[in-house]
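Please open the model in your viewer, show it as a cartoon, and keep the selection tool at hand. Each stop below says what to select next and what is there.

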Amino acid sequence: MDEVVYDSPIGLLRIAANDKGLTAIRFPQESDKSNRTKTQNAPKNPHLKSALQELGLYFEGKLLRFKTRLAADGTEFQSRVWEELRQLPYGSTASYGEIAERIGNPKASRAVGLANNRNPISILVPCHRVIGKSGKLVGYGGEIWRKEWLLKHEGASL
């Protein structure tokens with residue numbers, strides 16, 4: 001497993017990959033002092049290189065869809081939800097219920113919420129694009145202010 005820390009406009013991101021693809025993008029905890037140092041060396045892992053390049057373009061507003069190969073570890077249901085999240089267009093939003101309908105299980109909005117919460121690859125699997133049925137920004141492991149920032153960055157109507 002290879003790992004880098006990326007200094008983004010929404011704070012540090014800890015990015016991990018194996019030989020199959022990207023496995024995680026997480027927001028390090030402030031209390032973890034080892035997370036405060038940005039990685040200086042270029043990664044050798046091709047999936048990390050791809051993710052860093054694409055994230056740079058995304059934060060510059062020049063990338064609308066990520067192509068980095070992913071290798072997230074999850075259940076079959078979680079994987080279906082995460083794949084559906086990847087289909088949400090840049091700048092759009094959907095409710096948990098809408099995602100549940102799209103995966104063919106309209107009564108699974110709570111389960112979709114749990115799968116969304118366990119998404120290990122934030123931003124590339126755009127769980128920030130999932131909002132409450134009322135249109136409110138709810139539930140984001142990276143804190144609501146980041147979700148709002150990402151949606152505004154993408155030009156989503158809030």
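Begin by selecting helix α1, residues 46–59, which has 14 residues and reaches 20 Å from its first C-alpha to its last, close to the 20 Å expected at 1.5 Å a residue; the expected span is 1.5 Å times one less than the number of residues. Helices (H or I, at least four residues) and strands (E, at least two) are DSSP runs, numbered from the N terminus. This is a predicted model, in which local features need pLDDT of at least 70 and side-chain atom pairs count only at pLDDT 80 or more, while totals for chains, interfaces and linings use all residues. Residues are numbered from 1 along each chain as its sequence is written, and side-chain values use heavy atoms, with hydrogens and water left out.

Staying with α1, show the side chains of its buried residues, among them His47, Leu48, Ala51 and Phe59. Buried means under 20% relative accessible area, exposed means over 50%, and partly exposed lies in between (1.4 Å probe, protein chains only).

Next, select Arg14 and Glu3, which form a salt bridge with the closest N and O atoms 2.5 Å apart; the term stands for a side-chain nitrogen of Lys or Arg within 4 Å of a carboxyl oxygen of Asp or Glu. Arg14 lies in strand β2 (residues 11–17) and Glu3 in strand β1 (residues 2–8), so the pair ties together parts that are 11 residues apart in sequence. Glu3 counts as partly exposed, because its relative accessibility is 45%.

How many salt bridges does a search of the whole structure find? The search finds 5, and another of them joins Lys152 to Glu148, at 3.1 Å from N to O. Lys152 counts as exposed at 54% relative accessibility, whereas Glu148, at 31%, counts as partly exposed.

Finally, select helix α2 (residues 76–86) together with helix α4 (residues 109–117), whose axes come within 9 Å and cross at roughly 80°. The axes are lines fitted to C-alpha atoms, for helices over the stretch in contact, and angles run from 0 to 180 degrees between N-to-C directions. On the α2 side the contact includes Phe77 and Trp82, and on the α4 side it includes Val112 and Asn116.

Definitions and conventions
Contact = heavy atoms within 4.5 Å.
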